[in-house]
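Here is a short briefing to read alongside the model. Take a look at the structure first, and then we can walk through it topic by topic.

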Amino acid sequence: MTGRAFSRAFSKPYYFREIITQMDAVGVGSLMIITLTGGFTGGILALNTAPTLKTFGATGVTGQLVMTSLVREMAPVLASLMTAGRVGSAIAAELGSMVVSEQVDAMRALGTDPIKKLVWPRLLALLLMTPALTLVADIVGAFGGYLVATSLMHISSTVYISSAKNALTYNDIVGGLVKPMVFGVIIAIVSCRAGLRTYGGTVGVGRSTTQAVVLSDILILAADFFIQKFLQVFA
Amino acid sequence: MMERSNSAIEFQNVTMAYDERVILDDVSFVVNPGETKIVMGGSGTGKSTILKLVLGLIKPQEGRILVDGDDTVTFSEHDMSQVRQKIGMVFQDGALFDSLTVYENVGYRLFEQGMPEPEIDEAVRRMLRFVNLEHTFDMMPSELSGGMRRRVGIARALIGNPKLILFDEPTAGLDPITARTILELAMKLRDLEGVSSIFVTHRLEDIKLLSSSYATINEDGEVEFKGEDNRFCLVNTKFIMLKEGKIIFSGTDEELSLSDHPYVRDFFREF
């Protein structure tokens, strides 16, 4: 499906309107939950790491630990899991409903390729918007960690910022953005496939929605492991 | 070289099965240009499958399907999209796109072809006038009644002047007045526009009206519906009846009334 979607993307009609609509639904629509996810994740990381580091007299590196965990792992994975829950389920439910109400058949009968019209815009939107949402989670998470570290853990603002700034390498940032691109493709393909293979009426729509979210989540976590290993070996 | 068929649609020994379940078993029939073929039979006998096969939405295991002379069984999805430009399909519940307005639904095919919007606007209004729903232009499908959705579905199927229309039980579950309106639209297409069609139904009222009435233009230029009489006999409407995936009857309404097949007699007991 991924290959078919990409191969048909470069011929007319281009469906720019659908692409923009999907980018808006994925990106702008998910902004609130990603902001909350990022903010609280950064805060929790600071809350958990600072007391442990204190026992070693190393609270000065709290910023480093928070930022590394956040950018490498927590923000890409959690932002993608939240996107799978919110967007993946919506895609599977929408396409599933279109299948059971014969709208996809009607689309084909009217000469439209459903892969191009329905799958490609969602795939492209998730491919581009998941890294963007991860970046938002990174920024808000860093701010959340800073707030907790300085206000609740009484770590000096200068120490925290300096430690956080020195923590990140180029590879961390690149890896932190490559991962959500892969996760975005996983969410799009799994959800579109589940939706377009729906059968059995409204019960089938529910089944497809659950399948889309569960399978996306598992594949995201599995892909995260392999990408991380790949980055450690080759980066 | 194989001779090119002059028929609008031709099924040659078509067999279609889902897993082990045979839906159509060695089915052959012809729809001639300008003819309406009424496909009858109980639920699950393969009536809607015939329409999906014509559109190439599914492929048969065996046999040939000729649409306007082309054997479409071996066609790719891309080739099939060219064939589908000649076909209009009216789905059972309309199958309108929920997220689009009536205007966008009816004009969908033209938008896809890249036609300028003023021309689409004009064509959509003309089609909506044909189905008496011009006032629904800006409405969403959720605002329409069941009958209105079917009529918008007919308008969508007719846009672009397809040579062939497929009706999938368009009157099922509708009140008698709305059902009659839809049947009259089908008769207008058959008798005034010369459109070939396959009309899938198991409603006796549909069968009776389509086989005994016709549309004509009166002296004032208005469309009028008249019944068959001694002077006029409909020859552009024929029937096939399916039972367990096989055609058990094929012919005119007169031949149908004379059939001694037990299933046909049972089907028309109340006719």
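This is a predicted model: local features need pLDDT of at least 70, side-chain atom pairs count only at pLDDT 80 or more; totals for chains, interfaces and linings use all residues.

**Domains of chain B**
- Domain 1 of chain B is assigned to 1-86 + 165-172 + 192-271, while domain 2 covers 91-161.
- Between the C-alpha centres of domain 1 and domain 2 of chain B there is a distance of 25 Å.

**Overall build of chain B**
- If you count secondary structure elements, chain B has ten helices and twelve strands.
- The C-alpha trace of chain B extends about 50 × 45 × 35 Å along its principal axes.
- Of the 271 residues in chain B, 41% are buried.
- Taking contacts in chain B between residues at least 6 apart in sequence, 65% of them link residues at least 24 apart.

**Nonpolar cores**
- The largest nonpolar core contains 70 residues, and B:V54, B:A155 and B:I198 have the most contacts inside it.
- Helix α7 of chain B (residues 176-192) supplies the largest share of this core, with seven residues.
- Both domain 1 (1-86 + 165-172 + 192-271) and domain 2 (91-161) of chain B contribute residues to this core, so the core lies between them.
- Another core, of 56 residues, lies apart from that one, and its members include A:L95, A:I115, A:W120 and A:A188.

**A closer look at B:I198**
- Which residues is B:I198 in contact with, leaving aside its neighbours within four places in sequence?
- The partners of B:I198 beyond those neighbours are B:I9, B:V31, B:K37, B:V39, B:I50, B:L51, B:V54 and B:L166.
- One of these partners, B:V54, is listed together with B:I198 among the residues with the most contacts inside the largest nonpolar core.

**Where chain A meets chain B**
- Twelve residues from chain A and 15 residues from chain B take part in the contact.
- On the chain A side, the residues touching chain B comprise four nonpolar, four polar and four charged ones.

Definitions and conventions
Residues are numbered from 1 along each chain as its sequence is written. Chains are lettered from A and ligands numbered from 1 in the order in which they are written. Two residues are in contact if their C-beta atoms, placed from the backbone, lie within 7 Å. Ala, Val, Leu, Ile, Met, Phe, Trp, Tyr, Cys and Pro count as nonpolar, Asp, Glu, Lys and Arg as charged, and the others, Gly among them, as polar. Helices (H or I, at least four residues) and strands (E, at least two) are DSSP runs, numbered from the N terminus. A residue is buried if 20 or more other C-beta atoms lie within 10 Å of its own, exposed if 12 or fewer, and partly exposed in between; C-beta atoms are placed from the backbone. Domain bounds come from an automatic or database domain assignment. A nonpolar core is a set of buried Ala, Val, Leu, Ile, Met, Phe, Trp, Tyr and Cys residues joined through C-beta atoms within 7 Å.
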